[in-house]
Amino acid sequence: MSGDNGGWHPVRGAFYPLDHHPAIISKELFAVVQTEKAKRSNLVETEEGTQRKTTKYNSNNALSGLFICQECGSPYRRINRHTKDGKEIVWRCANRVEHGKEICKHSHTISDEAVKKFV
Ligand SMILES: [Zn+2]
């Protein structure tokens, strides 16, 4: 691997949601998020006017695959991590979750708080 940035490279057609963010979000997924945000408002335009929908919003499903690991291209996955203080929700490269650091060495863990701020 050449370069001095630890193997992280901008990916064409994608952008960083946050400064210094280890993961990327594709335009397609960004569009999905925008759609989901609209759904989350729980309002729908009809001929009769604006009505409230009953569909329940599931942020876990909407956000899975939101971030893409720049090292191996796998979607990030929302997981529960055990810490000394209890449990914590974080996002990690799915490849790394399943196969460990040997497969994906440089992917970073993203806190759920950071993801919520972005979404
Ligand atoms: Zn990875």
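Okay, two bits of housekeeping. Residue numbers start from 1 along each chain, as its sequence is written. And since this is a predicted model, local features need pLDDT of at least 70 and side-chain atom pairs count only at pLDDT 80 or more, while totals for chains, interfaces and linings use all residues.

So, how confident is the predictor? pLDDT is its confidence in each residue, from 0 to 100. The chain averages 72, and 53% of the residues score at least 70. Residues 15–19 stay under 50. For that stretch the model has eight contacts beyond four places in sequence, a contact being two residues whose C-beta atoms, placed from the backbone, lie within 7 Å. Where pLDDT is low, the predicted coordinates should not be read in detail.

Now the layout. We've got four helices and eight strands; those are DSSP runs numbered from the N terminus, with at least four residues of H or I for a helix and at least two of E for a strand. Along the sequence the pattern goes β-β-α-β-β-α-β-β-β-α-β-α.

Which strands make the open sheet? Three of them, in the order 6-7-8, with antiparallel pairing. Strands 6 (76–83) and 8 (110–111) are the edges, each pairing on one side only. To call two strands paired, DSSP has to find at least two bridges between them. Strands 6 and 7 have eight bridges, and a hairpin links them through two residues. Strand 7, residues 86–93, is joined to strand 8 by two bridges.

Keep an eye on Val-90 here. On one side, Val-90 is the bridge partner of Ile-79; Val-90 also stands opposite Ser-111 in strand 8.

Val-90 turns up again in the largest nonpolar core, which has twelve residues, including Trp-91, Cys-93, Phe-67 and Ile-110. A nonpolar core here is a set of buried Ala, Val, Leu, Ile, Met, Phe, Trp, Tyr and Cys residues joined through C-beta atoms within 7 Å. Buried means 20 or more other C-beta atoms within 10 Å of a residue's own, with C-beta atoms placed from the backbone. Strand 7 gives the largest share of this core, three residues. Across the chain's 119 residues, 19% count as buried.

Technical notes. pLDDT = per-residue confidence, 0-100.
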